[in-house]
Amino acid sequence: SPGGSASASAAPQASVSEAPAADPGLPPANDPAPWVGIPKTKEEVEKVINPKGEAPYSGKTGTLKGRVTIKGDPPPDNPGYRVLPRCDKAAAMYEKAFRVGPNGAAIDALVAVTGYQGFVPATSSSVTITMDGCAFDRALYAITYGQRLEAKNDDGLRSYMPFIDPAPYRALMVAMPRGNPVRLYPHDPAINYVLRDMMDRPSMTARLMVLKFSTHDVTDADGRYEIRGIPVGNVTVNAVQPAVDSPPKGAEIEIKEGENTLDFELEFDAKTHKVVPLLGDPWDRGKNPGPAPSGKFGGPPLELPPKTTPR
């Protein structure tokens with residue numbers, strides 16, 4: 001249940017890095033918005049994340065941190081997992097349908113803050129993710145629309161060819177061992193993107209959420225999260241494990257200047273809660289089964305409810 005206190009270390013969902021101004025795939029160099037890292041203009045991005053045309057929020061802010069746990073049945077086996085040689089990190093990441101850490105820590109859970117007044121943009125144009133041992137470093141990434149991914153290969157043995165599904169087209173770049181990151185550009189907000197690797201590693205996947213707001217985080221290996229820069233005042237906070245079809249846990253709280261703390265406890269009942277399958281790859285012609293995408297590439301945008309009954 002939400003409430004209580006927890007000492008949380010800073011745990012952003014991924015490290016960030018600024019883009020070189022000379023990158024031909026990015027907006028023009030005279031576009032000043034630091035939160036635009038995809039080949040679209042500031043105006044195109046802000047039609048989505050800032051439809052009212054507000055100036056970035058500059059008032060008092062607070063930080064929300066806490067811990068998310070999950071109780072109930074243990075996670076079931078992942079039917080899509082396949083053992084590959086010398087893939088030392090794959091089993092821990094993909095053997096189960098979702099990950100649970102020490103003392104019930106809900107790993108890779110999304111925590112999102114909505115319902116405040118003002119436009120709070122992302123603080124950088126990119127989010128760095130890493131690949132090593134036939135695994136991404138998370139099973140879930142959440143970024144803000146307008147940001148790109150920098151996929152970095154920390155593996156000293158093998159190369160990777162990461163890509164985002166679904167997409168209107170597919171262009172692949174090789175991430176060499178400990179070389180320069182590969183840039184990936186989500187072109188629309190959506191909650192059901194899938195990161196994959198083209199190098200015949202079908203188990204190597206991660207969920208990707210591209211959200212219309214920046215006040216979110218993904219829990220770390222201890223279930224902890226931290227969200228900074230939230231405007232003070234009343235807000236709605238939701239926590240959810242996207243790999244499970246149970247509803248989010250929510251709370252309405254007042255954000256005060258400085259640090260604020262809120263914990264959540266999620267539930268998994270194997271009899272009533274099903275594992276949410278990854279979106280099927282529309283390009284693989286049946287090699288990677290899953291629900292086929294419907295409608296526009298990228299799926300529906302995430303619309304968290306503005307008000308949630310506290311649980």
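The pLDDT is the predictor's confidence in each residue, from 0 to 100. Averaged over this protein it is 84, and 79% of the residues score at least 70. Colour the chain by this value and select residues 1–22: the pLDDT there is below 50, yet the stretch has 67 contacts in the model beyond near neighbours in sequence, a contact being heavy atoms within 4.5 Å. Residues 288–311 also have a pLDDT below 50, with 61 contacts beyond near neighbours in sequence.

The model is predicted, so local features need pLDDT of at least 70 and side-chain atom pairs count only at pLDDT 80 or more, while totals for chains, interfaces and linings use all residues. Residues are numbered from 1 along each chain as its sequence is written, and side-chain values use heavy atoms, with hydrogens and water left out.

**The whole chain**

In cartoon view, the protein shows two helices and 16 strands; these are DSSP runs, numbered from the N terminus, with H or I over at least four residues for helices and E over at least two for strands. Of the contacts with a separation of 6 or more, 73% are between residues 24 or more positions apart. Of the 311 residues, 51% are buried; buried means under 20% relative accessible area, exposed over 50%, and partly exposed in between (1.4 Å probe, protein chains only).

**Backbone stops**

Select D165 and P166, which are joined by a cis peptide bond with omega of about -15°. P166 is in the loop between β7 (162–165) and β8 (182–184). Most peptide bonds are trans, and most residues other than glycine have a negative phi.

Phi of R86 is near 60°, a positive value in a residue other than glycine, and R86 is exposed at 66% relative accessible area. C134 has a positive phi of about 65° and is not a glycine either; select it in the loop between β3 (126–132) and β4 (135–136). C134 is buried, with 4% relative accessibility.

**Charged pairs**

A salt bridge is a side-chain nitrogen of Lys or Arg within 4 Å of a carboxyl oxygen of Asp or Glu; the count comes to 18. Show K96 and D77, whose closest N and O atoms are 2.6 Å apart in a salt bridge. This pair links distant parts of the chain, 19 residues apart: K96 is in the loop between α2 and β2 (110–114), and D77 is in the loop between β1 and α2. K96 is partly exposed at 36%, whereas D77 is exposed at 55%.

Then select D132 and K89, a salt bridge with closest N and O atoms 3.0 Å apart. D132 is in strand β3 and K89 in the loop between β1 and α2, 43 residues apart.

E150 and R148 form a salt bridge at 2.8 Å, N to O, and both residues are buried. Salt bridges that share partners also join K65, E226, R228 and E259 into one network.

**Final selections**

Select D217 in strand β11 (residues 216–218). Which side chain of opposite charge is nearest to D217? It is R138, 5.6 Å away, and the buried D217 has no salt bridge; here Lys and Arg count as positive and Asp and Glu as negative, with His and the chain ends not counted. The side chain of D217 does reach the backbone nitrogen of E226, at 2.9 Å.

End at E265 in strand β16 (residues 264–268), which is partly exposed at 28% relative accessible area. E265 and K71 are 194 residues apart in sequence and 7.1 Å apart in space, C-alpha to C-alpha.

Note on methods: A polar contact is a pair of N or O atoms within 3.5 Å; within protein, one must be able to donate a hydrogen and the other to accept it, and residues adjacent in sequence count only if both atoms are side-chain atoms.
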